[in-house]
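Dear colleague,

Please find below the structure I wished to hand over to you. My notes on it follow directly after the entry.

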Amino acid sequence: MRSLPQNFRGASLGCGNPFALGRLQPGQTVLDLGSGAGLDVLLAAKQVGPDGYVYGLDATEEMVQLATENAEAAEVDNVEFMCGDMARIPLDDASVDVIISNCVVNLAPEKTDVFAELFRVLRPGGEIAISDLLWESERPVGATTDPDLWCSCVGGALTEREWYRGLEAAGFQGTSIRIEGAWADDGLPEGARIVSALVFARKPVPTG
Ligand SMILES: C[S@@+](CC[C@H](N)C(=O)[O-])C[C@H]1O[C@@H](n2cnc3c(N)ncnc32)[C@H](O)[C@@H]1O
């Protein structure tokens, strides 16, 4: 269930529901990449409870400020919002149990750096549950250099195959991608299709 906390200000700009897989447990430490106005952080905070903790990371001070005010208004105190880049996450190695994100990874110019950072900050056995847009078709020529497509969270979207390969190259295992549905195709090149998807993967526990 996703519902607005009381007094929440600002919009949810997500494209899916990173909670749909039900991965959060009481006491866990969670990171939300690109937390925006903070809705998913506040929902996660409720799920992990007082023994858990949720970090929200966003690239803009304005969003960090708004999300902090939303947390105060909702009287949620097991959260912290940080300003920073998802390609250089300001958290220690192996410090997070679950990483969630909602319509943000597509905005990263260098996905390889982001995948490496996700792997670094997760504890062994930790998981990602990421909602994002992806190309169901091959990426149309010129999509990555079209500023309008980038701004609508489409220009930098990966294909399904690129998600699998990128996560595997970073060290993740058990990747699965659940296509949730077609996304608006306004302004897309003829024949191109964008879908909303939920990506799950796990950082393996070293053996031996
Ligand atoms: C489409 S909005 C989604 C916000 C939020 N996840 C939600 O569901 O409402 C994308 C967010 O990602 C943030 N963002 C963009 N690039 C980022 C980066 N490199 N590192 C961290 N956050 C970033 C933006 O500031 C914005 O708040």
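Strand 1 and strand 4 (residues 96-102) run parallel and are joined by 4 bridges; strands count as paired if DSSP finds at least two bridges between them. Helices (H or I, at least four residues) and strands (E, at least two) are DSSP runs, numbered from the N terminus. Please note that this is a predicted model, in which local features need pLDDT of at least 70 and side-chain atom pairs count only at pLDDT 80 or more, while totals for chains, interfaces and linings use all residues. Residues are numbered from 1 along each chain as its sequence is written.

Strand 1 (residues 29-33) also pairs with strand 2, again in the parallel sense, over 5 bridges. A residue is called buried if 20 or more other C-beta atoms lie within 10 Å of its own, exposed if 12 or fewer, and partly exposed in between, with C-beta atoms placed from the backbone.

Together with helix 1, strands 1 and 2 make a right-handed β-α-β unit; right-handed means that, with the strands pointing away from the viewer, the path from the first strand over the helix to the second runs clockwise. Helix 1 is mostly covered, as 8 of its 10 residues are buried, among them Leu 39, Asp 40 and Val 48. These buried residues pack against strand 1, strand 2, helix 2 (61-73), strand 3 and strand 4. Just after helix 1, Gly 49 takes a positive phi of about 75°.

The largest nonpolar core has 61 residues, of which Val 30, Ala 44, Val 54, Ile 99 and Leu 133 touch the most other members. Such a core is a set of buried Ala, Val, Leu, Ile, Met, Phe, Trp, Tyr and Cys residues joined through C-beta atoms within 7 Å. Leaving aside residues up to four places away in sequence, Val 54 touches Val 30, Asp 32, Val 41, Ala 44, Ala 45, Val 48, Asn 78 and Val 79; contact requires C-beta atoms, placed from the backbone, within 7 Å.

As regards the ligand, 21 residues surround it, the closest being Gly 14, Gly 34, Gly 36, Ala 59 and Asn 102. A residue is near the molecule if its C-beta atom, placed from the backbone, lies within 6 Å of it. Helix 1 (39-48) and strand 2 (53-58) each supply at least two residues of this shell.

Most residues other than glycine have a negative phi. Ala 94, in the loop between strand 3 (79-83) and strand 4, has a positive phi of about 50°. Cys 103, in the loop between strand 4 and helix 3 (111-121), likewise has a positive phi, of about 65°. Are these two sites buried or exposed? Ala 94 is partly exposed, because 13 other C-beta atoms lie within 10 Å, whereas Cys 103 is buried, because the number there is 22.

Finally, Asp 185 is found in the loop between strand 7 (173-182) and strand 8 (194-202). Asp 185 is partly exposed, with 13 other C-beta atoms within 10 Å, and touches Arg 193 and Ile 194, not counting residues up to four places away in sequence.

With kind regards

How values were computed: Contact = placed C-beta atoms within 7 Å.
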